[in-house]
Amino acid sequence: MQYRRLGTCGLKVSEISLGSWLTYGGSIDQDQAEAIIDQAYELGINFFDTANVYHEGAAEEIVGKALAKYERSSYVLATKVYFEMGEGPNDRGLSRKHIIEQCEASLKRLGTDYIDLYQCHRYDSEAPLEETLRALDDLVTQGKVLYVGVSSWEANHIADAVHTARQCNLDRIVSNQPHYNMLDRSIEKDVLPLCEQEGIGQVVYCPLAQGVLTGKYKPGAPAPEGTRASDASTNMFMESFMQDHYLRKVKRLHSIADRNGISMPQLALAWILRYGIISSCIIGATRPEQVIENSKASGVKLSPEDLKEIELILKEET
């Protein structure tokens, strides 16, 4: 496993990291999750991502219990705040009240004294940005949070946060967690250039396009039994990728993976890691074997010729 700095801050994270969205507390129980996390840790993955809203806090509890056996300084624990966690008018968003209360709740569920990376899960247009950043700065000052980041923020909101933190002398945003993969490249236009300029590292989620980039789905064919796409409880976010024109591109990309002696998931992850400002790719897993395969993408370098061919395939009109 290779490691990269989280943007320009001093923290180093594994190129492949492990997430818990749609899995822990849902289709994956404590024992299964522990086996997956143990495998990841053994392979050198040191960055574990979760969120308070994942299965109403169950994911945080599972991650915390699974990591409790390891030296706290040996891994980087990330969680998030924003989404609704109760029925009250202040039980969501990025107000000082919600941030402080949810940080305390996350610390309890995770069973830890501090969170390495605390991320604003979405942008909150109703909370003053300075209020949000001051609340996060206070948590850093108190030692409950070491670094702060954002997730799925647009470039103009990130730019505003950078400017406000600088103007008010507040702890700066060190990371952004965007949706990015071969089939969704929207952040390349403005988010990536801005973050590179400001030294904000990217911890990418959905790098395999909900599993579509594994190559298991074929154009014109039904989803294989037992896959995420065949399960109504887990395929709600896959519709945009399960289109024949995308599946045909994946089929063509497979030949490049074969030529390099790597799997299709490894190709998709290595392609993302071609950008230096990408600090880590967050993978999901339902079996330890998936972690083993995906972790092998760390350190894979694609040739200029491979990257050019991939670009032609991805940009091809279908």
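## Gln39 in helix H1

In this predicted model, Gln39 is in contact with Pro288, Val291 and Ile292, leaving aside its neighbours within four places in sequence. Gln39 belongs to helix H1, which comprises residues 30-42. Its relative accessible area is 17%; because buried denotes a value under 20%, Gln39 is classed as buried.

Helix H10 is formed by residues 304-315.

The buried residues of H10 are Asp306, Ile310, Ile313 and Leu314. They cover an arc of only 95° around the axis and therefore lie on the same side of H10. An α-helix has 3.6 residues a turn, so residues three or four places apart point the same way.

## Val162 in helix H5

Val162 is a residue of helix H5, which runs over residues 155-168. With a relative accessible area of 13%, Val162 is buried.

When neighbours within four places in sequence are left aside, Val162 is in contact with Glu198 and Ile200. Val174 is 12 residues from Val162 in sequence, and the C-alpha to C-alpha distance between Val162 and Val174 is 9.7 Å.

Methods:
Residues are numbered from 1 along each chain as its sequence is written. This is a predicted model: local features need pLDDT of at least 70, side-chain atom pairs count only at pLDDT 80 or more; totals for chains, interfaces and linings use all residues. Side-chain values use heavy atoms; hydrogens and water are left out. Helices (H or I, at least four residues) and strands (E, at least two) are DSSP runs, numbered from the N terminus. Buried means under 20% relative accessible area, exposed over 50%, partly exposed in between (1.4 Å probe, protein chains only). Contact means heavy atoms within 4.5 Å. The expected span of a helix is 1.5 Å times one less than its number of residues. The arc is that of the directions from the helix axis to the C-beta atoms.
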